[in-house]
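I opened this entry to record what I looked up in the structure. Notes follow in the order in which I took them.

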Amino acid sequence: MFSMRIVAMKPWKNWAGLVTSTPQQAIYPSCLEEVVEVVKKASQQGKTIRVVGSGHSFPALVETDQILLSLDDLQGVLSIDEKEQTATVWAGTKLRLLGELLYERGYSQENLGDINAQSIGGAISTGTHGTGIRFGSVSTQVVGLTVVTAQGDLLECSESSHPELFRALQISLGALGIIVKVKIRVLPAYNIYYKSRRMNLNDCLKSLTSFTDRHRHFEFYWFVYTDMVQAKFMQITQEPATKNSAWNQFKKIGIENGLFWLLSEGCRLFPQLCAPVSKLSARAVPDMEEVGASHKLFATPRWVRFSEMEYSVPADKMQEVVQEIRECIQKHRFAVHFPIECRYVKGDEIWLSPAYKRDSAYIAVHMYKGMPYKAYFQEMERVFLKYDGRPHWGKLHELTATDLQERLPMWSQFIAIRKELDPNGLFLNPYLSRLFGV
């Protein structure tokens, strides 16, 4: 008998509202043994399982009409090894909670993305990343994984134990097994000095090498139909955290979310407002500085919902790609007001990583929820692919298994391991079956 929570599901939606499905049931195991029990029973009954984190992926990675398994009841830090500076955590732990728990014990993650709602298991499975040319994705912080396989076996893997499987599991889309524990590298807790500046786009593009070399973290947002960007810089500092002033809070919550939502609604109703709204947003970019705990300053409140496509291209192609995107938007006059987000990620050895064996520029395009995005994204994807682009797995793209085999050197090896570990497709859904050519 199951002792975990089992819920008859109403329709499930992802964060963006793009994917809806009605599972037969949602299961919330509360211990490792219960995860194994769910897998064995599902296998015997010929059902499939998809694991859900926070639903922040845009494509139909989690969509299922069978078993939806959540690790929300498996959260927390299990142990910290001070000597090797690693932490072992439950895979269901949300990044926001993980940052707080590590900080309480005197540790921090080396880098994070700007959304902290995801679970650590979901973040690594989709290749979530922050920015900084000397830092890989969150998956590169992983040094060990505990996985429940399709046969219900427990498998421990790392760089020294099952190294090939480890490289496949670091970004696996949940297709190789259920990751239940994650062992990550950590650093002694540190503060970040954050600086935001409004800059001319051409000046920013000319300074990319200097900015990436001189700053631990650098990213910029180009406001379409303008010549302006918001450049963001971060460095480790020994300075104490600044007081979180009411004005700073108002800018983050009131302006960047509340006011931007109102403007976005205006653009949805009257698309001709997109260019003026983008120009207004560019003028509102704050010149500000702030010091705080790293896990707090890496994250940015994101209340305005959207659709997103993001691609990795070679790092030295950032300027060319942004310039071509600019020309494309000017030519087609797309009704878009969201800025284009540009970041950097260090190359790695992970099989399905968009940054596999190359330092990468990641460029993301967004469209406000409820506004048509397909024509815009298709043109952006055309530009990305021209520059040997590889898709971010948690974002929208239109590539097929054949396309991916051409762009990801280890694609065939990953497909072979997937077939070996899950020959009956226990962890597949229609989206993944199409993606993998099953």
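I took the domain layout of this predicted model to start with. The C-alpha centres of domain 1 and domain 2 are 25 Å apart. I noted the bounds as 77-188 for domain 1 and 191-397 for domain 2. For the contacts between them, I found 33 residues of domain 1 touching 35 residues of domain 2.

I then checked the record. An unreviewed UniProt entry annotates residues 19-189 as "domain: FAD-binding PCMH-type". Over residues 19-189 I read 22% helix and 28% strand. The end C-alpha atoms of that stretch are 37 Å apart.

Next I went to helix 1, which covers residues 32-45 and has 14 residues. From first to last C-alpha, helix 1 reaches 20 Å, close to the 20 Å expected at 1.5 Å a residue. I listed its buried residues as L32, E34, V35, V36, V38, V39 and A42. An α-helix has 3.6 residues a turn, so residues three or four places apart point the same way. After helix 1 comes G46, and I read a positive phi there, near 70 degrees.

Last, I looked up K232, which lies in strand 16 (residues 228-237). Which side chain of opposite charge is nearest to K232? I found E219, at 4.9 Å. K232 is buried and has no salt bridge, because a salt bridge needs the nitrogen within 4 Å of a carboxyl oxygen. Leaving aside neighbours within four places in sequence, I listed the contacts of K232 as Y194, K195, H217, F218, E219, Y221 and T300.

Key. Residues are numbered from 1 along each chain as its sequence is written. This is a predicted model: local features need pLDDT of at least 70, side-chain atom pairs count only at pLDDT 80 or more; totals for chains, interfaces and linings use all residues. Side-chain values use heavy atoms; hydrogens and water are left out. Helices (H or I, at least four residues) and strands (E, at least two) are DSSP runs, numbered from the N terminus. The expected span of a helix is 1.5 Å times one less than its number of residues. Buried means under 20% relative accessible area, exposed over 50%, partly exposed in between (1.4 Å probe, protein chains only). Lys and Arg count as positive and Asp and Glu as negative; His and the chain ends are not counted. Contact means heavy atoms within 4.5 Å. UniProt positions are given in the numbering used here, feature names are shortened, and annotations may be inferred rather than shown by experiment. Domain bounds come from an automatic or database domain assignment.
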